[in-house]
Amino acid sequence: MEKKSQILNLFSTLDCQQSINNLVEICFKIALSHIRFNYKKVQRIILRDEISLEDIAIDSITSLFERDQPGCFKNILEPFNSWQPPIKTEEEALFFLTKLVQKRAEQYISHLLRESDPLFSKLADSVNYLLKKYSYRKTSYFGTIFIINSETENISGKTIPIEEFEKLPAELFTGKKNLLQNIFLYLNSETSYASAIPFNSLIHKLKELNTALYNISESTTEQNDNIEINSIVAQALNKTIQKLDDTYISKEKLSMDEGEKFRKALMDISRDIKDGGVNPGLYKYLLAHIQALDEETYKQKYHNILEYLLKVLKQNIADELVQ
């Protein structure tokens, strides 16, 4: 970090373009390091959307450098000025910046996961409901969002690594009402790790186990029985295939044979959504059913249609989840 010795000075000279550029560079490096460490979380998004780790890093810190009305960088200066205890040394300035940028990167990763995966989004909403109902809260600790008890001020001790969290017994994740209580009890009694649950890792664990989705609303009444993922996706797929028939096949924008290939591709996509996300490159879904389909023909004739139908499928899944 060659600019380390300049950090304090950079905060006091943000009216200078060179200072802005230097601070952006430092924040970018911190964000990129954090996202590389969490590559597993965003791997599918990177492959599917053909974006880079660098793209995600840049996008995660962009809001820090948005100017407010007077022309100041409120999103980064206000946290700096209100940090307690006040920042006086270069080491404290670097620590503050690392915490701030890692938190933004983690929030942006959550945003990408929600945007790309309706099932992740629903499970996240469900866990957030449990936090409110049973008096837990979220906090950022070294760039990772954790669930902690509401009376806990700060996390102390070593937190459970992601790879260790993924190995926790499956039975801890099967109950709805006592989900968080059971995990906290296990961490406290069976491990030496701090009493803190990594939020995004919890959502991924629930998805991996293919548990029934939490059909949780914002009310305080008891909830309906869980809805199976298979049923939700199947209903959404049927609606999407109907859209394919009504919009493209009946209007002869696709032939009957082409329509059948699209149906099979959509079925493959829906299976992958249930397993955690769409595989890289929509082209490959059609290639599996249209022999010798080259990429240029796909781009010209089929890409826009399949991309639109994927959006319809995701929206239909989201609609089914809230019914």
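## The loop between α5 and α6

Pro85 sits in the loop that links α5 (74–82) to α6 (90–116). Helices here are DSSP runs of H or I with at least four residues, strands are runs of E with at least two, and both are numbered from the N terminus. The peptide bond between Gln84 and Pro85 is cis, with omega about -5 degrees. Most peptide bonds are trans, and most residues other than glycine have a negative phi.

This is a predicted model, in which local features need pLDDT of at least 70 and side-chain atom pairs count only at pLDDT 80 or more, while totals for chains, interfaces and linings use all residues. Residues are numbered from 1 along each chain as its sequence is written, and side-chain values use heavy atoms, with hydrogens and water left out.

## The buried side of α5

Ile76, Leu77 and Phe80 of α5 are buried. Buried means under 20% relative accessible area, exposed means over 50%, and partly exposed lies in between (1.4 Å probe, protein chains only). These residues are on the same side of α5 because they cover an arc of only 95 degrees around the axis; the arc is that of the directions from the helix axis to the C-beta atoms. An α-helix has 3.6 residues a turn, so residues three or four places apart point the same way.

The buried residues of α5 pack against α1 (7–12), α2 (17–37) and α6. Contact means heavy atoms within 4.5 Å.

Three strands form an open sheet in the order β1-β2-β3, with antiparallel pairing. β1 (136–141) and β3 (197–198) are at the edges and have a single partner strand each, so one side of each has no neighbour in the sheet. Two strands pair if DSSP finds at least two bridges between them. β2 (residues 144–149) is joined to β3 by 2 bridges in the antiparallel sense, and Ile147 has Ile197 in β3 as its bridge partner.

Helix α7 (residues 118–133) lies across β1 and β2 and runs at about 115 degrees to β1. Axes are lines fitted to C-alpha atoms, for helices over the stretch in contact, and angles run from 0 to 180 degrees between N-to-C directions.

## Two residues with positive phi

Glu252 is not a glycine, yet its phi is positive, about 60 degrees. Glu252 belongs to the loop between α11 (229–249) and α12 (256–275), and it counts as exposed because its relative accessibility is 71%.

Ala292 also has a positive phi, near 60 degrees, in a residue other than glycine. The loop between α13 (283–287) and α14 (295–321) holds Ala292, which is exposed at 77% relative accessibility.
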